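Biologist: I have just opened this one and would like a careful walk through it. Could you take my questions as they come?

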Amino acid sequence: MSLAGGAVILLGEELGWRAYLLPKLSPLGHRRATVLTGVLWGIWHWPFISLGVNYPDAPWLGMAAMAWVTTLYGVFLAWATYRTGSVWPAAVGHAAFNTSSRWGPMVAEGAPNFAIGPTTGGLLGAVGWLVVAGWLLARSPVFAGDTAGPVTDCEAAETTSR
């Protein structure tokens with residue numbers, strides 16, 4: 001499936017997470033809303049994981065891995081949504097993530113443990129997203145004021161220059 005096709009399909013999911021839930025939780029502050037949305041997004045996947053989807057060899061560890069990964073990657077998707085005021089960057093980012101998570105098993109020798117790695121959806125594979133999420137939450141103007149609503153380029157420039 002193409003990135004564009006995946007984005008259109010995943011737009012439905014992102015309309016729920018980033019377009020609906022994230023703004024509803026934003027009165028808690030952007031950081032809290034972002035983390036809570038990511039955790040809930042991971043928990044939402046648990047019934048599928050218990051059936052062997054995503055982490056067929058380790059459903060319990062897979063549930064933890066999914067919550068970990070969706071929380072970390074969700075920071076990036078929330079940042080993109082807050083920054084642009086649009087859900088489309090999150091839909092494209094979600095599609096890109098799902099596509100790239102299939103690359104690790106294609107090059108791994110033997111049977112990889114999906115909950116651990118080599119996929120970006122594994123506990124170790126998500127370490128790079130830990131760095132990205134930490135940096136965004138700590139340094140991005142989107143989270144600096146911890147206010148509700150999209151952050152425009154002008155607001156971001158004002159926050160950075162203060």
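Biologist: Which helix is Tyr-82 found in?
Modeller: Tyr-82 is found in helix H3, where helices are DSSP runs (H or I, at least four residues) numbered from the N terminus. This is a predicted model, in which local features need pLDDT of at least 70 and side-chain atom pairs count only at pLDDT 80 or more, while totals for chains, interfaces and linings use all residues. Residues are numbered from 1 along each chain as its sequence is written, and side-chain values use heavy atoms, with hydrogens and water left out.

Biologist: Is Tyr-82 buried or exposed, and why?
Modeller: Tyr-82 counts as buried because its relative accessibility is 5%; buried means under 20% relative accessible area, exposed over 50%, and partly exposed in between, with a 1.4 Å probe and protein chains only.

Biologist: How many aromatic pairs does the structure hold?
Modeller: The structure holds 8 aromatic pairs, counting rings of Phe, Tyr and Trp (its six-membered ring) whose centres lie within 6.5 Å, with planes under 30 degrees apart called stacked, over 60 edge-to-face and the rest tilted. One of them joins Phe-76 and Trp-129, a tilted pair at 5.6 Å centre to centre with 45° between the planes.

Biologist: And where in the chain do Phe-76 and Trp-129 sit?
Modeller: Phe-76 lies in helix H3 (residues 59-84) and Trp-129 in helix H6 (residues 127-139), so that pair links parts of the chain 53 residues apart. Phe-76 is partly exposed, with a relative accessible area of 25%.

Biologist: What about Tyr-82 and Phe-143?
Modeller: Tyr-82 and Phe-143 form an edge-to-face pair, 6.2 Å centre to centre and with 90° between the planes. That pair also links distant parts of the chain, with Tyr-82 in helix H3 and Phe-143 in helix H7 (residues 141-144), 61 residues apart, and both residues are buried.

Biologist: Which residues form the aromatic cluster?
Modeller: Tyr-73, Phe-76, Trp-79, Phe-97 and Trp-129 form one aromatic cluster. Phe-97 is also among the buried residues of H4.

Biologist: Changing topic, what does the charged end of Arg-18 sit over?
Modeller: The charged end of Arg-18 sits over the ring of Trp-41, 4.3 Å from its centre; the criterion is NZ of Lys or CZ of Arg within 6 Å of the ring centre and within 35 degrees of the ring normal. The C-alpha atoms of Arg-18 and Tyr-82 are separated by 8.9 Å, although these residues are 64 apart along the chain.

Definitions and conventions: Helices (H or I, at least four residues) and strands (E, at least two) are DSSP runs, numbered from the N terminus.
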